[in-house]
Amino acid sequence: MRPDLVAKYRNQRVPRYTSYPPSPQFSAAVTAADYRQWLGQLTAADTLSLYLHIPFCRSMCWYCGCHTSVVEHEAPIRRYQAALEAEIDAVAGALVPDPAMSKGGGLPPVTHIHFGGGTPTLLPPDAFLSLMERLARRFGRPAATAEIAVEIDPRTLTAAMAAALGQGGVTRASLGVQSFDDRVQRAINRVQPYAATAEAVARLRQAGVGGINLDLIYGLPHQTVDSCVQSVVQALELAPDRLSIFGYAHMPSLKAHQGRIETAALPGATQRTEQAAAMAAVLEAAGYVAIGLDHYARADDVMALAYAAGRLKRNFQGYTVDTATALLGFGASAIGRTRGGYIQNLVAVPAYLKAWENGGDGWAVAKGLALSDDDRLRADIIEQLMCRFAVDLEETCRRHGRPLKDILTPATERALATLATDDMIACDKTRVEVREEARHLVRSVAVLFDAYFDPESGRHSYAV
Ligand code: SF4
């Protein structure tokens, strides 16, 4: 692509499309009553993905974009565990068992469990096992093929916790690395020697956790193409199954601690593009398959196979092989999705605890969004673009029982023509395909189908 065209699109601020409609559209009009109603509509034909958010860390990394806070003691984590268990009981109690299904108490089968944060492995090992047991008791044992994934901070993973993860049946661990460069690590307040990451990987493998993902970031302060490449090379020495390579989104107006990062040390847009491309080149030369915007996997990994078969999905964790029909979120700030719509819990931990403790009304729903037919159609189109880089608009509209003209308006046709002229896409009748060299800019194509997009909101990160 011509450099001026790359610059035109990479400077757009567009949603990451981990959901559609994006979470800034959620409102307090959706309440716990809506959530209970949507839960009651799930049937034994559904499948469940369970997400548990653990919003605690030992120290704050300055680039962090997650909902988390620093705790030094175990007591607040134990208290939070009790609230989570109360929420698990209440949500499971709102499902309506199918008497024809004895397995799992007649509830939809659990096909995916994810512990995110924060640092989930700050849970004491017995607390983690207790939560797993509670989930099994209330929702039934997960399917034999279920993926059970946990996000890990290698700096704080103890041998006892690694063993508990293995005992609890965890199949995949995502380890945060970001960069192995000392100078970069100091600039983001995350000093993590290579040996700490290597030891965590060894402990997890020894405990039987087979899937190892490593997360790296480009665009951090003081990063160069060379240091990014060096981090990938070191990461590959640990033989991960998957890597994710995210671009740092510097938004101190939304995350105050990011203001501690020296703005002058941040790479510019051209350098970011070069860093991402150099990291991708090393990974592809090492035999990893590029998946979507930011994932890489061994060719025989289930994510690479799902991508090749057009089964890749996208949710709040990014790209996923999770095909469950409902996502139930537990914990402060956790987001769930059912056919009825999205719900998000209260973000602040004290407010979340209050909802579940001492006779609180027992539901911590802060906001959400009831999905319309138009939302579902556009979500499908955007997910296909994000996951497959192509969509047939006519076929998708037909599947949703909607006329093509609802999507292919004269304004959208004009915008598609501009994208085609700019070498971003190729159009064949109603099929839109993102050109290979423009795939890193796919969000700028997806945004055409976003009925809520406000270019003036300033709430989104740059496209690269
Ligand atoms: S360990 Fe992860 S969640 Fe915790 S502050 Fe650092 S980046 Fe954020």
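This is a predicted model: local features need pLDDT of at least 70, side-chain atom pairs count only at pLDDT 80 or more; totals for chains, interfaces and linings use all residues.
Residues are numbered from 1 along each chain as its sequence is written, and side-chain values use heavy atoms, without hydrogens or water. Local features need pLDDT of at least 70 and side-chain atom pairs count only at pLDDT 80 or more, whereas totals for chains, interfaces and linings use all residues.

Of its 27 lining residues, K313, R337, Y342, A379 and E383 are the closest to its centre. A pocket is an open set of points on a 1 Å grid over the protein atoms alone, where a 1.4 Å probe fits, with protein on both sides within 12 Å along at least five of seven lines; lining residues have an atom within 4 Å of a point. The lining divides into 10 nonpolar, 9 polar and 8 charged residues. Domain 1 (16–336) and domain 2 (373–462) both contribute to the lining, so the pocket lies between them. The domain bounds come from an automatic or database domain assignment.

β11 (313–315), β13 (326–330) and α12 (373–388) each supply at least two lining residues. The largest share, 5 residues, comes from α12. Helices (H or I, at least four residues) and strands (E, at least two) are DSSP runs, numbered from the N terminus. The 16 residues of α12 should span 22 Å at 1.5 Å a residue, and its end C-alpha atoms are 22 Å apart, which agrees. The expected span is 1.5 Å times one less than the number of residues. Buried residues of α12 include D375, L377, R378 and D380. Buried means under 20% relative accessible area (1.4 Å probe, protein chains only). F389 follows α12 and has a positive phi, near 65°.

T338 sits in the loop between β14 (335–337) and β15 (341–345). T338 is buried, at 3% relative accessible area. T338 and F26 are 312 residues apart in sequence and 14 Å apart in space, C-alpha to C-alpha.

Terms used: Ala, Val, Leu, Ile, Met, Phe, Trp, Tyr, Cys and Pro count as nonpolar, Asp, Glu, Lys and Arg as charged, and the others, Gly among them, as polar. Buried means under 20% relative accessible area, exposed over 50%, partly exposed in between (1.4 Å probe, protein chains only).
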